[in-house]
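Hi,

Here's the structure I promised to pass on. Have a look, and my notes follow below.

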Amino acid sequence: MEKVLMKGNEALAEGALIAGCRGFFGYPITPSSEIAEYMARKLPGLGGVFVQAESELAAINMVYGGSSTGTRVMTASSGPGISLKQEGISFIAEAELPCLIVNVSRGGPGLGGIQPSQADYFQATRGGGHGDYRVIVLAPSGTQEMMDYTIEAFDLADRYRTPVMIMAEGTLGNIMEPIIVRDPVEKFYDKPWAITGCKGRKPNIVNTLHLASDFLEERNRILQAKYKLIEQNEKRAETFLTDDADVIVVAFGLMARIVKKAVMEARKNGVKAGLIRPITLWPFPDEHFKKVAETARMVLSVEISMGQMVEDIRLSVNGRVPVEFYGRIGFTPNPEEITQQLLLLAEREGF
Amino acid sequence: MDSEKQVLFAGFGGQGVLSMGQFLAYAGMEAGKNVSWVPSYGAEMRGGTANCLVTIAAEEISSPLTENPVMAIIMNKPSLDKFEMKIKPNGTLIINSSLVDRPPVRDDLKVLAMPLTQVAEEINNTRGSNMIMLGAYLEKTGVVKVEDALKHFEKIFKGKKESVINKNREAFLAGVEYARNNW
């Protein structure tokens, strides 16, 4: 199969087109802008719609509208832009509309910087906006996965009628790697709920205002049942050399590949390290931690943040094994830095 | 030769540092290798130096980042100041001596220098400096074979005018020749 050298952001955008996405609504921001640029070039020729909105708030509400017609639609942004979109995401979650939201994330808080970051983990995995809801969050680790997970995200969104988020630290959007371009998606879903003009049928209504207490609670119970189902079916993680490992390192995204190299280097130095890489950040793959909580002597969370995923890891191992944290912000730690941390940890703990 | 090589390209923005790395990544891919290209897209791009890191490997690339590349192509002095200490022990430094006015401090590195401005002026193609450097680099190191890189020139420069492609090829070959005669 012939490979093509592509930038992560472009691979993601092409993946969206392959998945049949025909609406993009966004407002440019580094380091995600190439996604909008790519869609602006390609969508009009495919009969799709590209709108550079006047603001992020407008963009997410265009996604809300576009999705309610049954069309596959998306938006992409970074940190501060995703914060602005939270109100709309909450509405879309309650309206049970499928869509893709991409966060090519940069350092915060505030305007922060444009350097890669994973510090939007809490925002992504706890819903992000108001009310009791969650979005499925996928974390690719390379250019091929930027494409593949985008295709997968549209499928999950339609299958569960829910917004799906892709969270990728900024480097992933800008790195180039050879990829295999996938075939166009042919499996689509019936959408009897879509607003398509109600000739000959009952009108479909998209509404998230529920003033009656009973109905509000019922709506919440329906959403929670759906999230339960997603938790049962969709937890995903990659494991590497975990069976005999004394220390399990946990990392997601590109960071996980950097850690993988550090794990191999640590083993060359006699430290038995392993890796768990969560692929779904929500639902968090807690089951992958059950076994290592019995066999490993320590878990180390490595994040480009001041420590967020580490809380989910602690919930997953539930006190059965100590969990430590190593993080940077503004910098992506290199494999050499992580190897060093692992060797220090092994020396301190005597394994 | 190691099965994985990580090469840093560094210089001023506008010296073609990022496209030099992209060319190498393309050429490596066309030669059937695994490659990755990581640009510095952070704040550093706006002030002093631009740089990118290319990894070429026979196996799957785990980390496309490294603290210690085995080779560096250094196009100006600030880049030498910033990266000299980071290169792997016994690594290779390729230096544009037209814009770097000091020798490296370390004595374990293999240093290959070229007065790039002068070489470019000789072929009347100052805009092709980056391709001259790349040609010399590939001739000397064989990270990707010169013949393989030349074979894929049209493909790599797809969409560019033929005159532009020829100019770049000419520059690339001038670099190859410089390396043959001087390194």
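Into which domains is chain A divided? There are two: domain 1 covers 4–234 and domain 2 covers 238–349, with bounds that come from an automatic or database domain assignment.

Before the rest, some housekeeping. This is a predicted model, where local features need pLDDT of at least 70 and side-chain atom pairs count only at pLDDT 80 or more, while totals for chains, interfaces and linings use all residues. Residues are numbered from 1 along each chain as its sequence is written, with chains lettered from A and ligands numbered from 1 in the order in which they are written.

Back to chain A: the centres of its domains 1 and 2, taken over C-alpha atoms, are 28 Å apart. Their contact uses 27 residues of domain 1 and 22 residues of domain 2 (two residues are in contact if their C-beta atoms, placed from the backbone, lie within 7 Å). On the domain 1 side, helix 6 (121–125) of chain A gives the largest share, four residues. Helices (H or I, at least four residues) and strands (E, at least two) are DSSP runs, numbered from the N terminus. That side of domain 1 has 14 nonpolar, nine polar and four charged residues (Ala, Val, Leu, Ile, Met, Phe, Trp, Tyr, Cys and Pro count as nonpolar, Asp, Glu, Lys and Arg as charged, and the others, Gly among them, as polar).

Now for the two chains. Chain B puts 19 residues into the contact and chain A 21 residues. On chain B's side, helix 1 (17–30) and strand 2 (34–39) each supply at least two residues, and strand 2 of chain B has the largest share, with five residues.

Cheers
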